[in-house]
Amino acid sequence: MLITVSVMLATIMQALDTTIANVALPHMQGTLSATQDQISWVLTSYIVAAGIMTPATGFLSQRFGRKRLFVWSVIGFTLASLLCGAAFTLNQIVLYRLLQGVFGAALVPLSQAILLDTFPREQHGKAMAMWGVGVMIGPILGPTLGGLLTEYYNWRWVFLINLPVGALALLGCMAYLPKLPRK
């Protein structure tokens with residue numbers, strides 16, 4: 001159960017980030033003195049990086065091991081979120097979102113693979129159902145949470161909110177994920 005929670009936290013964090021920044025774009029645009037075309041690179045850089053790195057996940061997990069790659073992806077994604085929240089120029093935030101996409105690309109496919117490796121075959125349906133909840137919660141909560149954080153705090157919080165979630169996911173993964181064999 002704790003494995004599922006740890007893996008699901010990372011999945012929610014990544015899925016949330018695909019939609020949470022959308023509502024903060026106008027606020028970022030003003031702060032970073034960017035045009036509408038320029039600020040759209042905040043979203044585009046993330047999507048492109050994730051799209052490029054997702055196919056490499058299988059190769060990298062076989063090379064370095066699923067647990068190791070998953071843990072480093074959580075660390076990288078969380079640190080990139082911190083950098084996004086601290087960015088002061090458009091170039092910085094686009095670069096940091098690119099890093100978020102690179103590290104976030106492996107989180108969803110690896111979380112599913114790890115759960116299938118960890119749970120016995122007769123519990124795969126239950127594990128995937130719980131995992132599916134995490135995958136669905138992120139994009140649903142993203143715009144609402146992003147709007148609330150932007151309205152009542154600052155656009156930077158749409159990225160900084162990943163820090164406690166990433167830390168909990170990392171601690172859970174380190175403590176509860178078994179070392180999975182690499183090929």
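Guide: Let us start with Leu99, which is found in helix α7. Helices here are DSSP runs of H or I with at least four residues, strands are runs of E with at least two, and both are numbered from the N terminus.

Visitor: Where do the model and the numbering come from?

Guide: This is a predicted model, where local features need pLDDT of at least 70, side-chain atom pairs count only at pLDDT 80 or more, and totals for chains, interfaces and linings use all residues. Residues are numbered from 1 along each chain as its sequence is written, and side-chain values use heavy atoms, with hydrogens and water left out.

Visitor: Is Leu99 buried, partly exposed or exposed?

Guide: Leu99 is partly exposed, at a relative accessible area of 32%. Buried means under 20%, exposed means over 50%, and partly exposed is in between, with a 1.4 Å probe and protein chains only.

Visitor: Which residues make the nonpolar surface patch?

Guide: Leu83, Leu95, Leu98, Leu99 and Val102 make a patch of about 340 Å². Helix α7, residues 90–104, gives the largest share, 4 residues. Patch residues have over 30% relative accessible area and no salt bridge; nonpolar side chains (Val, Leu, Ile, Met, Phe, Trp, Tyr) are joined within 5 Å, and like charges within 9 Å. A salt bridge is a side-chain nitrogen of Lys or Arg within 4 Å of a carboxyl oxygen of Asp or Glu. The areas come from the Shrake-Rupley method with a 1.4 Å probe, and for residues only the protein chains shown count as cover.

Visitor: New topic. How many aromatic pairs are there?

Guide: Rings of Phe, Tyr and Trp (its six-membered ring) pair if their centres lie within 6.5 Å; planes under 30 degrees apart are stacked, over 60 edge-to-face, and the rest tilted. By this rule there are 2 aromatic pairs. Tyr153 and Trp157 are a tilted pair, because their centres are 6.4 Å apart and their planes are at 55°.

Visitor: And the other one?

Guide: Trp155 and Phe159 are edge-to-face, with 6.3 Å from centre to centre and 85° between the planes.

Visitor: Are Trp155 and Phe159 buried or exposed?

Guide: Trp155 is buried at 3% relative accessible area, and Phe159 is buried at 0%.

Visitor: Which ring does the charged end of Arg97 sit over?

Guide: The charged end of Arg97 sits over the ring of Tyr46, 4.3 Å from its centre. The rule asks for NZ of Lys or CZ of Arg within 6 Å of the ring centre and within 35 degrees of the ring normal.
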